[in-house]
Amino acid sequence: MPIRIRPSEITSESVYLQRRQLMGAALAAPLLALPGCSDAHQEAIPPTPQAEALTSWADVTNYNNFYEFGTAKTDPAKHAHTLVTRPWGVTIAGEAEVTGHFELDDLIQPHQAQERIYRLRCVEGWSMVIPWLGFPLADLLKRFRPTSRARFVAFETLADPRQMPGVRQRILQWPYREGLRIDEAMHPLTLLATGLYGRKLPNQNGAPLRLVVPWKYGFKSIKSIVKISFVEQMPPTSWNLSQPNEYGFYSNVNPAVRHPRWSQKTERRIAGSGSKLFAERIPTLPFNGYADEVASLYAGMDLRQWF
């Protein structure tokens, strides 16, 4: 059974990294409740090997894709200060017994905050190791009691040209849309993140609420969510709509399936300091290293066809 990772109680990156060096003996400890929170989620969480260095706060928050704020890696950090994350609401729609518009605090307050250290693999061929804070998406979805007709879960990002300069350009079909099969959405590894490195989620990383699906390419982990819908048919997704021959609905990390314009066999691991361009290249793992936990979701599927 996978070892559970103990939640961090850090207040800064330096303190966090020092604690990580001393945590080897503590990795088998149960998840701890944060003050004022409910009981911890009991699903076992696979550990991130200690040999994999965490990506620095500076890199995680300054090197990312969030096209609503521009296409350069540094654009989100430069421009996302214009995003207003309070008040914030999320609409729940579709094939569920409970639907409507809900304030963010009403959505997240009942849930235990926990830390998940996950690999993030970008389809562009770079990767990070990030300590997220959040709670399992399944815990939220179950509250709305999806019906038997709910076979997929669709998500939408805010698309406000007043706050998001990238939305003023026709980079993609706005709003940004993503989707999961409902068993993927309900899998215990699928996380709704509200923070990282023990801090509130920065705007450029998808505040105030984003998805993290660690065995899929990073663009599946939709940011700044304003709508969640339970649907019967496979929902349209932004990159699949834009370039269907390059970005399939599933987008599982698969080194055996190359992108039409580059190989996916290796990745640049961004960790510590130094040039992003010359970061260490390492082999890419099937399902981003989470095959033991998620490969059974795709039993019998041709993952070259259903990429």
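User: Which residue in β6 stands opposite Glu156?

Analyst: The model is predicted; local features need pLDDT of at least 70, side-chain atom pairs count only at pLDDT 80 or more, and totals for chains, interfaces and linings use all residues. Numbering starts from 1 along each chain as its sequence is written, and side-chain values use heavy atoms, with hydrogens and water left out. Strands are DSSP runs of E with at least two residues, helices are runs of H or I with at least four, and both are numbered from the N terminus. In β6, the residue opposite Glu156 is Arg177.

User: In which sense do β5 and β6 pair, and over how many bridges?

Analyst: Two strands pair if DSSP finds at least two bridges between them. For β5 and strand β6 (residues 177-181), the sense is antiparallel and the bridges number five.

User: Which residue in β10 stands opposite Val153?

Analyst: Strand β5 is also joined to strand β10 (residues 225-231), by six bridges in an antiparallel run. In β10, the residue that stands opposite Val153 is Phe230.

User: How many of the six residues of β5 are buried?

Analyst: A residue is buried under 20% relative accessible area, exposed over 50% and partly exposed in between (1.4 Å probe, protein chains only). Strand β5 covers residues 152-157 and is mostly covered. Of its six residues, the number buried is five.

User: Why does His187 count as buried?

Analyst: His187 lies in the loop between α6 (182-185) and β7 (191-196). Leaving aside residues up to four places away in sequence, His187 touches Trp215, Glu293, Val294 and Leu297, where contact means heavy atoms within 4.5 Å. His187 counts as buried because its relative accessibility is 11%.

User: How far apart are the closest N and O atoms of Arg86 and Asp105?

Analyst: A salt bridge is a side-chain nitrogen of Lys or Arg within 4 Å of a carboxyl oxygen of Asp or Glu, and a search of the whole structure finds 14 of them. Arg86 lies in the loop between α3 (75-79) and β1 (89-94) and Asp105 in helix α4 (residues 104-108), so the pair ties together parts that are 19 residues apart in sequence. Arg86 is partly exposed at 47%, and Asp105 is partly exposed at 40%. The closest N and O atoms of their salt bridge are separated by 2.6 Å.

User: Is Glu97, the salt-bridge partner of Arg145, buried or exposed?

Analyst: The side chains of Arg145 and Glu97 meet at 2.9 Å, N to O. Arg145 is in the loop between α5 (137-141) and β5, while Glu97 is in the loop between β1 and β2 (100-103), 48 residues apart. Arg145 is partly exposed at 42%. With a relative accessible area of 56%, Glu97 is exposed.

User: What is the relative accessibility of Lys216?

Analyst: Lys216 forms a salt bridge with Glu184 at 2.7 Å, N to O. Because Glu184 lies in helix α6 and Lys216 in the loop between β9 (210-212) and β10, the pair ties together parts 32 residues apart in sequence. Glu184 is buried at 0%. Lys216 is buried as well, at a relative accessibility of 1%.

User: Which residues are linked with Glu52 in a network of salt bridges, and over which ring does the charged end of Arg119 sit?

Analyst: Glu52 is linked in the network with Arg119, Arg121, Glu267 and Arg269. A charge sits over a ring if NZ of Lys or CZ of Arg is within 6 Å of the ring centre and within 35 degrees of the ring normal. At 5.3 Å from the ring centre, the charged end of Arg119 sits over Tyr290.

User: What angle lies between the planes of Phe249 and Tyr250?

Analyst: Rings of Phe, Tyr and Trp (its six-membered ring) pair if their centres lie within 6.5 Å; planes under 30 degrees apart are stacked, over 60 edge-to-face and the rest tilted. The structure holds 13 such aromatic pairs. Phe249 and Tyr250 form an edge-to-face pair at 5.2 Å centre to centre, with an angle between the planes of 90 degrees.

User: How many residues apart in sequence are the parts that Tyr250 and Trp306 tie together?

Analyst: The ring centres of Tyr250 and Trp306 are 6.3 Å apart with planes at 90 degrees, so this pair is edge-to-face. Tyr250 is buried at 5%, whereas Trp306 is partly exposed at 39%. Since Tyr250 lies in the loop between α7 (238-242) and β11 (266-269) and Trp306 in the segment after α8 (291-294), the separation in residues is 56.

User: The charged end of which residue sits over the ring of Phe249?

Analyst: Phe249 is buried at 7%. Phe249 belongs to one aromatic cluster with Phe152, Tyr250, Phe287, Tyr298 and Trp306. At 4.4 Å from the centre of the Phe249 ring sits the charged end of Lys220.
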